[in-house]
Amino acid sequence: MMHNKEKSILRVAFRRIRSLLPVTLMVAAIASVGPAEAQKATDKPNFIIIFTDDQGYGDLGCYGHPTLKTPNIDRMAAEGQKWTSFYVAENVCTPSRAGLLTGRLPIRSGMTSDTRRVLFPDSDGGLPQSEKTIARVLKEKGYNTAAIGKWHLGHLPQYLPTSHGFDTYYGIPYSNDMDRVNSVDYKASFADPKIEYFQVPLMRNTEVIEKPADQNTITKRYTQEAVKYIRDNKNKPFFLYVAHSLPHVPLFVSKEFKGKSERGLYGDVIEEIDWSVGEILNTLRKEGLDKNTYVVFTSDNGPWAIFNEHAGSAGLLYGSKGTSYEGGVRVPAVFWAPGKIKPAVVSNMGSTLDLLPTISKLAGATLPTDRVYDGYDLTTLLHGKGGNPRNEMIFYHSTSIFAARKGDYKLYFYSNDPKGYPQKLEKLEKYQLFNLQHDPSERYNVADKNPQIIKEIVDMVEKHKAGVAPVKSNLEKRITQAN
Ligand code: MG
């Protein structure tokens, strides 16, 4: 039998315990921060960017090509998002890559030039150390990082991937048509390419391990490296950048794919790349990483039209590599992360410039505030939870603003040959304006009917120009020049 006094003591004790409960829970929560955070750290998503070279907007089954068979990328698009207005940062390799990896237009990093549009084997420059690549952002969050394939942001040690946040590098450091021997006719060397015509090095980290690189097996070997890397890093968050050397000319393909496609040699090359994408995605599935890995597939610029059937197709778009018409800068782009990315076809604007802010957000990284970014975080749209922040795109051709897009409309200030060569720009006497949602092939100039839209785009460009600080180009200096 409990006395009243004892009951009263118990009641007081009970009330005290109850009043202390939130504090107790808080203490328990604080005590659990360590392991919970550790668990969270290992749950960080992985990222893979697959970046092809000179593949056009129309060069995939899922983008409407009638004879190319790309079942792996088509499946990736069906399970993820296929973007139909996705732009690169520039219309040729080096500046396009600089834009993707830094989230900044190449005009800001000095990775564009009016005299030499890309880096060459005799170039003395590269991506400056002051730039912060996606790999550097992720290293700070504990990621392992690897670059496989074409780099083209400087082949000297201080510019290679291992000096820009990547733990390892395996690949050809610049375009696969460089270091060409002069003893063979230029056109013949591309029409019937042989390994020995192109003395490009294959590097592991900062060492040349093969020269000339056997390009017949290069797509296969990049793939084997990628698959091994994924397996070796399955227990840690990783960022893998796979930048294929192909389908940039000269075209090479392994014997398993040679003569197999309905689209000739170019088709064989694309179908081997599609196989490669399948190998990567299947490895993620087998290793149980498919629910925690974001994979992006895109290209660095439009097809190199002067190479005729060895070049790809921009599909319904006008122009090609070397122009900032849609065919030179709008590329296929597929995002895949089952369970995270909401399957859709997205016609909103996006850009390779957006990959750094998007990946940073997903990895929980904060971007530095000491520089201007030209990219936007696309995560809400990828996850099907909101609109697209990108409503404009500035199209540079070297240091000139060739065109600009705002909403549905793209305004041109210059023109050039739609095949990209010769590269001479002509300043337009009268602006040209196209509604890209209605007229993606840019056939109907609607400038006369839309003076207000022209004014808005011109104002936007002037505002943009005012925010660009001039920097020296890193593409012009040659190794042979005196330092
Ligand atoms: Mg390219």
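Mentor: Start with one cut-off: buried means under 20% relative accessible area. By that rule arginine 108 is buried, and so is aspartate 374. Keep in mind that this is a predicted model.

Trainee: What makes arginine 108 and aspartate 374 a salt bridge?

Mentor: The limit is 4 Å between a side-chain nitrogen of Lys or Arg and a carboxyl oxygen of Asp or Glu. Here the closest N and O atoms are 2.7 Å apart, so the pair qualifies. Arginine 108 sits in helix α5, and aspartate 374 in the loop between α11 and α12. They are 266 residues apart.

Trainee: How do you know that lysine 211 and aspartate 179 meet in a salt bridge?

Mentor: Their N to O distance is 4.0 Å. The rule asks for a separation within 4 Å, so the pair counts. Lysine 211 lies in the loop between β6 and α8, aspartate 179 in the loop between β4 and α7, so the pair ties together parts 32 residues apart in sequence.

Trainee: Why are lysine 211 and aspartate 179 called partly exposed?

Mentor: Partly exposed falls between the buried limit of 20% and the exposed limit of 50%. Lysine 211 has 49% relative accessibility, so it counts as partly exposed. Aspartate 179 has 22%, so it is partly exposed too.

Trainee: How many salt bridges does a search of the whole structure find?

Mentor: It finds 35. Among them is arginine 104 with glutamate 131, at 2.9 Å, N to O. Both arginine 104 and glutamate 131 are buried. Asp53, Arg97, Lys150 and Asp300 are linked in a network of salt bridges.

Trainee: Which protein atoms are donors of the magnesium ion?

Mentor: They come from Asp53 (OD), Asp54 (OD), Cys93 (SG), Asp300 (OD), Asp300 (OD) and Asn301 (OD1). They lie 2.1 to 2.6 Å from the ion. The cut-off is 2.8 Å, so they count as donors.

Trainee: Why is the site of the magnesium ion called irregular?

Mentor: Six donors count as octahedral if opposite donors are over 155 degrees apart and all others between 65 and 115. The angles here run from 54 to 160°.

Trainee: What makes tryptophan 151 and phenylalanine 166 an edge-to-face pair?

Mentor: Two values decide it. The centres are 5.9 Å apart, against a limit of 6.5 Å, so the rings pair. The planes are at 85°, and edge-to-face needs over 60 degrees, so the label holds. Tryptophan 151 is buried, with a relative accessible area of 0%. Phenylalanine 166 is buried as well, at 2%.

Trainee: What about the rings of tyrosine 412 and phenylalanine 434?

Mentor: Their centres are 5.9 Å apart and their planes at 75°, so this pair is edge-to-face. Tyrosine 412 is in strand β13 and phenylalanine 434 in strand β14.

Trainee: How do you know that serine 415 is buried?

Mentor: Its relative accessible area is 19%. Buried means under 20%, so serine 415 is buried. Serine 415 is found in strand β13. The residues it touches include Tyr325, Phe402 and Leu428.

Conventions. Residues are numbered from 1 along each chain as its sequence is written. This is a predicted model: local features need pLDDT of at least 70, side-chain atom pairs count only at pLDDT 80 or more; totals for chains, interfaces and linings use all residues. Side-chain values use heavy atoms; hydrogens and water are left out. Donors are N, O and S atoms within 2.8 Å of the metal (3.2 Å for Na, K and Ca); water is not among the atoms, so sites may look incomplete. Four donors count as tetrahedral if all angles lie between 85 and 135 degrees; four count as square planar and six as octahedral if opposite donors are over 155 degrees apart and all others between 65 and 115; anything else is irregular. Helices (H or I, at least four residues) and strands (E, at least two) are DSSP runs, numbered from the N terminus. Buried means under 20% relative accessible area, exposed over 50%, partly exposed in between (1.4 Å probe, protein chains only). Contact means heavy atoms within 4.5 Å. Rings of Phe, Tyr and Trp (its six-membered ring) pair if their centres lie within 6.5 Å; planes under 30 degrees apart count as stacked, over 60 as edge-to-face and the rest as tilted. Lists of a residue's contacts leave out its neighbours within four places in sequence.
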